[in-house]
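Biologist: I have the file open on my screen. Can you walk me through it?

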Amino acid sequence: MPDTMISARILLLGGGNMGSALLGGWLEKGLDASKVTVVDPAVGPALQPLIEKGVVHRTTVPEGVFDIVVLAVKPQMMTAAVPPLKAAMRPETLVVSIAAGTTVAAIEDLLGTHPVVRAMPNTPALIGRGITGAYGNERTGESDRAAATSLLEASGPVEWVEAEALIDAITAVSGSGPAYVFHLAECMAKAGAALGLPADLAMRLARHTVAGAGELMIRSKDDPAQLRKNVTSPNGTTQAALDVLMGEERLAKLMDEAMRAARDRAEALAKG
């Protein structure tokens with residue numbers, strides 16, 4: 001983590017799973033814990049160990065002025081929880097929001113004019129294996145982007161987009177994406193059990209297959225299409241299965257329909 005970030009005063013609004021995952025990553029990267037204040041009315045299970053050890057300071061009313069404010073509360077809590085932070089901010093204070101479906105305009109309505117970064121992480125961030133899409137408003141300069149990237153990278157890579165509307169597409173691909181993969185594992189395990197495997201064995205096989213294939217994609221220089229071909233022998237068992245999944249583009253069409261539904265729902269939530 002850059003020296004400038006190690007000394008930055010950071011206010012984290014929300015100490016739930018995602019907020020705590022970010023905080024844990026910051027501390028591992030060398031952020032000075034004394035510079036972090038967590039604003040949350042209750043101490044959740046993810047934050048409890050850090051509070052008990054006195055690693056970070058938690059409060060319900062922030063004191064002083066902060067360089068960076070990270071909004072990690074649920075969207076429905078924003079209207080009540082965000083405005084009280086105004087007194088702890090300067091005009092140049094960077095705002096980084098991971099509240100789903102909350103637009104930059106909505107954040108500016110609550111806090112006024114600031115550099116604002118709207119980010120969409122995903123749940124693998126809880127184990128440091130997430131990926132985050134980010135967009136910065138017109139007041140977000142290069143130093144603000146660098147600071148936001150440094151913070152968000154605590155849970156995995158960060159990908160920037162130049163149009164805010166693309167955050168909704170990112171939500172459909174990676175924000176909601178883990179649920180698609182989890183459902184795939186569910187379906188594989190159920191099908192395996194139907195073929196006669198003990199249900200617990202079918203689930204273990206599905207879990208490890210999905211996790212292992214994902215890790216192989218990350219580590220390999222080949223794209224997913226080539227990796228698929230590497231596994232597929234002509235007229236073999238994999239080919240027989242793929243003929244079902246890929247015939248008439250069944251899976252491709254289904255994924256397109258599902259992700260458009262997710263994108264459309266994200267747009268609707270952003271509009272209120």
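Modeller: Let's start with one contact. A polar atom of the T140 side chain lies 3.3 Å from the backbone oxygen of V116. A polar contact here is a pair of N or O atoms within 3.5 Å; within protein, one must be able to donate a hydrogen and the other to accept it, and residues adjacent in sequence count only if both atoms are side-chain atoms.

Biologist: What am I looking at, and how were the values taken?

Modeller: This is a predicted model, where local features need pLDDT of at least 70, side-chain atom pairs count only at pLDDT 80 or more, and totals for chains, interfaces and linings use all residues. Residues are numbered from 1 along each chain as its sequence is written, and side-chain values use heavy atoms, with hydrogens and water left out.

Biologist: Back to T140. Which side chain does the T140 side chain make a polar contact with?

Modeller: That of N137, at 2.7 Å.

Biologist: Where is T140, and is it buried or exposed?

Modeller: T140 sits in the loop between β7 (132–136) and α6 (142–152). Helices (H or I, at least four residues) and strands (E, at least two) are DSSP runs, numbered from the N terminus. T140 is buried, with a relative accessible area of 12%. Buried means under 20% relative accessible area, exposed over 50%, and partly exposed in between (1.4 Å probe, protein chains only).

Biologist: What does T140 touch, leaving aside neighbours within four places in sequence?

Modeller: P115, V116, V117 and R145. Contact means heavy atoms within 4.5 Å.

Biologist: How far apart are the C-alpha atoms of E162 and A134?

Modeller: They are separated by 8.8 Å, with the two residues 28 apart along the chain.

Biologist: Let's do helices. How do you describe a packed pair?

Modeller: Two packed helices are described by the angle between their axes and the distance between the axes. Axes are lines fitted to C-alpha atoms, for helices over the stretch in contact, and angles run from 0 to 180 degrees between N-to-C directions.

Biologist: So what are the angle and axis distance for α7 and α12?

Modeller: About 135 degrees, with the axes 8 Å apart. Helix α7 covers residues 166–175 and helix α12 covers residues 250–271. The two are therefore oblique to each other. Angles under 35 degrees count as roughly parallel, over 145 as roughly antiparallel, 65 to 115 as roughly perpendicular and the rest as oblique.

Biologist: Which residues make that contact?

Modeller: From α7, D168, A169, T171, A172 and V173. From α12, M259, A262, R263, A266 and E267. By class, the contact of α7 with α12 has six nonpolar, one polar and three charged residues. Ala, Val, Leu, Ile, Met, Phe, Trp, Tyr, Cys and Pro count as nonpolar, Asp, Glu, Lys and Arg as charged, and the others, Gly among them, as polar.

Biologist: And how do α7 and α8 pack?

Modeller: At about 25 degrees, with their axes 5 Å apart; α8 is residues 177–194. That makes α7 roughly parallel to α8. T171, A172, V173, S174 and G175 in α7 meet G177, P178 and Y180 in α8. Those residues divide into four nonpolar, four polar and no charged.

Biologist: Are N235 and E248 buried or exposed?

Modeller: N235 is exposed, at 79% relative accessible area. E248 counts as exposed too, at 66%.

Biologist: Last one. How many helices and strands does the chain have?

Modeller: Twelve helices and eight strands. Of the 272 residues, 38% count as buried. The C-alpha trace spans about 70 × 40 × 35 Å along its principal axes.
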